[in-house]
Structures are given as structure tokens and as C-alpha cells.
Amino acid sequence: MNRMVKKTIELNQDYIDIARRIFGVKTDKQAVNKALEMVIIDNQIIEAHESIAGKGDLIEDIFE
């Protein structure tokens, strides 16, 4: 999933600046790509939690 495409879009520069600081990256491109990556990872975590919800009280119960 490393296909890169060129896009012309308007983005909030304040958000990009904050993302650059949070992620410790030097370029706007790195900040935007990292933020998008984090959204995908966050969604995967949410889906994993939803798939195991109510399946046991202890972590050992989930993986039996």
C-alpha cells in the first residue's frame, strides 16, 4: 500500500504545523502521510476492539 499520487488540495496549514511537531517530521508531506497512516491504524484498533467486545473478562479468555 505504498502507491503515491500527486494531489492538489487545500489543507489547514495550522493542522499540518501541529502534526509536524507531534510526529517530529520536517516536511508537510511527511506530516500529512503520517497523519493518514495514524487514522488507518486507529481504525484497525477500533475494529479489533469491536470484534472482541464481550468475549471474556480476561485477555486469556479472548484467545482460548
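**Figure 1. Asp28 and Arg20 are joined by a salt bridge between their side chains.** The N to O distance in this pair is 3.4 Å. The model shown here and in the other views is predicted. Asp28 is partly exposed, with a relative accessible area of 29%. Arg20 is also partly exposed, at 27%. A search of the whole structure finds 2 salt bridges.

**Figure 2. A salt bridge links the side chains of Lys34 and Glu37.** Here the N to O distance is 3.7 Å. Both residues belong to helix 2, which covers residues 28-52. Lys34 and Glu37 are 3 residues apart, so about one helical turn separates them. An α-helix has 3.6 residues a turn, so residues three or four places apart point the same way. Lys34 has a relative accessible area of 30% and is partly exposed. Glu37, at 38%, is partly exposed as well.

**Figure 3. The largest pocket has a volume of about 790 Å³.** It is lined by 19 residues, and those closest to its centre are Met4, Val5, Val32, Asn33 and Leu36. Helix 2 supplies the largest share of the lining, with 9 residues. Sorted by class, the lining has 9 nonpolar, 3 polar and 7 charged residues. Empty space of this kind is found by rolling a probe the size of a water molecule over the atoms.

**Figure 4. Asn12 caps the N-terminal end of helix 1.** The helix runs over residues 13-23. A side-chain oxygen of Asn12 lies 2.8 Å from the backbone nitrogen of Asp14. Just after helix 1 comes Gly24, which takes a positive phi of about 65 degrees.

**Figure 5. Confidence in the prediction is given by pLDDT, with a chain average of 87.** Of the residues in the protein chain, 81% score at least 70. Among the elements of the chain, helix 1 has the highest mean pLDDT, at 98. The lowest mean, 61, belongs to helix 3, which covers residues 59-62.

Terms used
Residues numbered from 1 in each chain as written. Predicted model: local features only at pLDDT ≥ 70, side-chain atom pairs only at ≥ 80, totals over all residues. Heavy atoms only, no water. Salt bridge = Lys/Arg side-chain N within 4 Å of Asp/Glu carboxyl O. Buried < 20%, exposed > 50% of the residue type's maximum accessible area, 1.4 Å probe, protein only. Helix = DSSP H or I, 4+ residues; strand = E, 2+ residues; numbered from the N terminus. 1 Å grid on protein atoms, 1.4 Å probe; cavity = no way out; pocket = protein on both sides within 12 Å on 5 of 7 lines; lining within 4 Å. Points joined across faces, edges and corners; volume = space filled by probe spheres on them. Nonpolar A, V, L, I, M, F, W, Y, C, P; charged D, E, K, R; others polar. Polar contact = N/O pair within 3.5 Å; in protein donor to acceptor, adjacent residues only side chain to side chain. pLDDT = per-residue confidence, 0-100.
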